[in-house]
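Hi there,

Here is the two-chain structure I promised to pass on. Please have a look at it first, and my notes follow below.

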Amino acid sequence: MLPFLLRRVGVMILTALTLSFVVFCLTNLAPNLEKLARTEGSVRMSDDAVLSWIENNGHGGSMVMRYGQWLGVAPGWVRTDDKGVTRGRCIQGAVTAESAPRFCGILQGDWGTSTVFREPVIKTVSEKLSSTAWLMLWVMLVMVPVSLIIGVLSGMREGSRTDRVLSTFAIATTATPEYVSGVILVVIFASATTGISPILAEWGWISGRTLFLGTATSAIDKITFWNFALPVMTIALYGIGYIARMTRASMTEVMTQQYIRTARLKGVAFHQVILKHALRNALIAPFTVIMLQFPWLLNGVVIVETLFNYKGFGWTLVQAAGNNDIQLLLACSVVAVFVVLVTQLISDVGYVFLNPRIRLS
Amino acid sequence: MEPLSWPMIFAKMAVQFWPVWAALIVTIVLSLQFRRRLGLYGKLFDSNVGITGFVIVMFWVFTAIFADMIITFNPIAQLSGLKNALPGTPLPDTDQWYLLGGDHLARDVFSRVVMGARRVLTIAPAATVIAFMVGITLGLPAGYFGGKLDTGLSFIANLVLAFPVILLFYLLVTPEIRSTGVPIVLAAVLFLFPVIFVSVLLNSRYFTTPARRNLYVGVALVIGLWAYSGLAFNMDPTGIWSMDPNLLNVFVSVVFVNAPTVFRIVRGIVMDLKSRDYVAAGQTRGEGPWYIMLWEILPNARGPLIVDFCLRIGYTTILLGTLGFFGLGVSPESPDWGSTIDDGRRLLSIYPHPAVVPALALMSLVLGLNLLADGLREESMRD
């Protein structure tokens, strides 16, 4: 187990380094830096001034060296201009040129400053991540049980009417990306002119104009059922279909196994067979699938946070990318890639751990 | 004139779609007539799920083909007074209607959705085909030879797969990146694979008869490299093959995202199939590795690949919609479904129709493709 784990972690670190380097290159391309110079310096800078701005602010030099500085394995740039003022990567705020550390990259915990939010990147990202964590938590709480129940119910008796109805539902949800289901849910539940809200308002069942809120902006301060149900449902719906189908496939396979037949022939009641014999084996595969759903959830989060204007991690990523906020975008990418890689690792290790055939051999 | 009622709107739309109905009926009647001779395609008509999916998909395919005959207005024409018009609003002084209303720039939603189908259905299948060729060309040797080649290629594939798709799009589909030429480099690499694939395919087949081999491979190379020069570098002297830089950027990114998954699927299947007896028999006969891979293993892997192809077109449609939704790589005039949804969502709670119509269109197309894949899977597993 240990060598396997070490090898996996090794590959993961190599992947993380390669990916962060790729992201670093793509965000620090010359046109991006020129745009940054014009927004940070002055819009009417001449081309020469732009180049010298880039050079003077530590964005010159080779890509590898800059990546090293950002990572914190190469010493940060220091530059003294003709007025005798020394500036550098590690010299900011109260830190003077003399007391500045030599290295200041993400390994030292310095993620740079966001140009959009005008605050340290680490502060922005951690704040927004905690908002998104709530969203993810609720999505998981809805998605996992619902999809497992649907999958088990439809896989239990393959080809039955329940199976057909639930499978159709699962296929329909996998065909509905978040930006489609979000739009449809808002129109049905959160529009003052269409859907069920006008009818309910007419009957006097709801006090406001709409049943649910069409935006989740207020959920940043206080999460309520009415402002959070739609975003959570939008993300969960897409995942439900996929996980349910995987669970169904795994369940139908388990149901054809010899030990299930033996249990049935011994006269064990059907629900006992399902709960005691089938479920434990049928749920190994969905575990992997749920873990591998995380990268896709990240997508869903970006779409839903944009659609419902919930200022979390996904919204921040869009802001960073749209406003050429290089440091923030880099940080967002690192977090995203990290989440993906860690979930892959958990899924691999979890699969080995959960499957007795591999664990005991 | 009076605004139309909902039944009248649907009736008018049904009339507008007449070329689609005609083509659908012809296709289905012919297919049912000859289904016993049509292999897997014919068997599709034995399952209800398959038929439903097929009909939905073909509906959109024919809509894309006959889009010019179906639309009632120019999809980018803005007519005054019809901003956010409700479905069925008549045009003043004419006998025409905005069947599904107008959007925030007073354009006809119905015509835009129909034209959007054409855009989606030209990019999505083409991108999927290229992604498959890349995945197959790399996945076959990786699975067949294994070893260092496999380790290296798998590592690269996993790298791409570890990127959240949306982040990759934000990094790859921007005006800045276009000016650095990264999309052209990507296109140069990715578009080379179809040429390699077809050449190797023909070469391995006709290796024993050099005269025919030279002819076929020569023709394939000439056409392939001609298209390649036009599509990747926009340097086709005749100008037949060319691609708008915006479109190239979107196209290349979508291929880039899809190819690693195809690679993994192909590699997995090949690793499974290479231990079969017919492969061993081929090796004993002294057949070359590429002949075995392309002409013995690949045809036997077609079932799962065809199913995945259908699913992947749907997934690519979703990805294109995502790009449009974030306004990446599309012009504001573009009628593609993703950006229409994005335009419509700003006034969603007051005027839902400009967003809901393309949303339903996209959903039905992907649903059709998923059902089709399901039907194909069911039928291909039966034999």
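Let me start with helix 4 of chain B (residues 48–65): at 1.5 Å a residue its 18 residues should span 26 Å, and the end C-alpha atoms are 25 Å apart, which agrees. The expected span here is 1.5 Å times one less than the number of residues in the helix. Helices (H or I, at least four residues) and strands (E, at least two) are DSSP runs, numbered from the N terminus.

Before going further, a word on the source: this is a predicted model, in which local features need pLDDT of at least 70 and side-chain atom pairs count only at pLDDT 80 or more, while totals for chains, interfaces and linings use all residues. Residues are numbered from 1 along each chain as its sequence is written, and chains are lettered from A and ligands numbered from 1 in the order in which they are written.

Back to helix 4 of chain B. Its buried residues are B:V49, B:G50, B:G53, B:F54, B:V57, B:W60, B:F62, B:T63 and B:A64. A residue is buried if 20 or more other C-beta atoms lie within 10 Å of its own, exposed if 12 or fewer, and partly exposed in between, with C-beta atoms placed from the backbone. The cover over these buried residues includes helix 2 (18–33), helix 5 (67–70), helix 6 (109–145) and helix 18 (353–382) of chain B. Two residues are in contact if their C-beta atoms, placed from the backbone, lie within 7 Å.

Now chain B as a whole. It has 18 helices and two strands, and the C-alpha trace spans about 80 × 55 × 40 Å along the principal axes. For 383 residues, a compact globule would have a radius of gyration near 21 Å, and chain B agrees with 23 Å. That radius is taken over C-alpha atoms, and the globule rule is 2.2 Å times the number of residues to the power 0.38. In chain B, 45% of the 383 residues count as buried. Of its contacts with a separation of 6 or more, 72% are between residues 24 or more positions apart.

UniProt (unreviewed entry) annotates residues 117–373 of chain B as "domain: ABC transmembrane type-1". UniProt positions are given in the numbering used here, feature names are shortened, and annotations may be inferred rather than shown by experiment. Over residues 117–373, chain B is 81% helix and 0% strand, with the end C-alpha atoms 20 Å apart.

Chain A has 16 helices and two strands. Its C-alpha atoms fill a box of roughly 90 × 65 × 30 Å along the principal axes. A compact globule of 361 residues would have a radius of gyration near 21 Å, but chain A has 26 Å. Buried residues make up 39% of chain A.

Where they meet, 15 residues of domain 1 of chain A are in contact with 12 residues of domain 2 of chain A. On the domain 1 side, helix 1 of chain A gives the most, with 10 residues.

How do the two chains meet? The contact takes 42 residues from chain A and 35 residues from chain B. The side of chain A that touches chain B has 29 nonpolar, 12 polar and one charged residues. Here Ala, Val, Leu, Ile, Met, Phe, Trp, Tyr, Cys and Pro count as nonpolar, Asp, Glu, Lys and Arg as charged, and the others, Gly among them, as polar.

Two backbone spots in chain A are worth a look. Most residues other than glycine have a negative phi. A:R118, in the loop between strand 2 (86–88) and helix 5 (121–156) of chain A, has a positive phi of about 55 degrees although it is not a glycine. A:N324 is likewise not a glycine, with a positive phi of about 60 degrees, and is found in the loop between helix 14 and helix 15 of chain A. Are these residues buried or exposed? A:R118 counts as exposed because it has 8 C-beta neighbours inside 10 Å, whereas A:N324, with 22, counts as buried.

Best wishes
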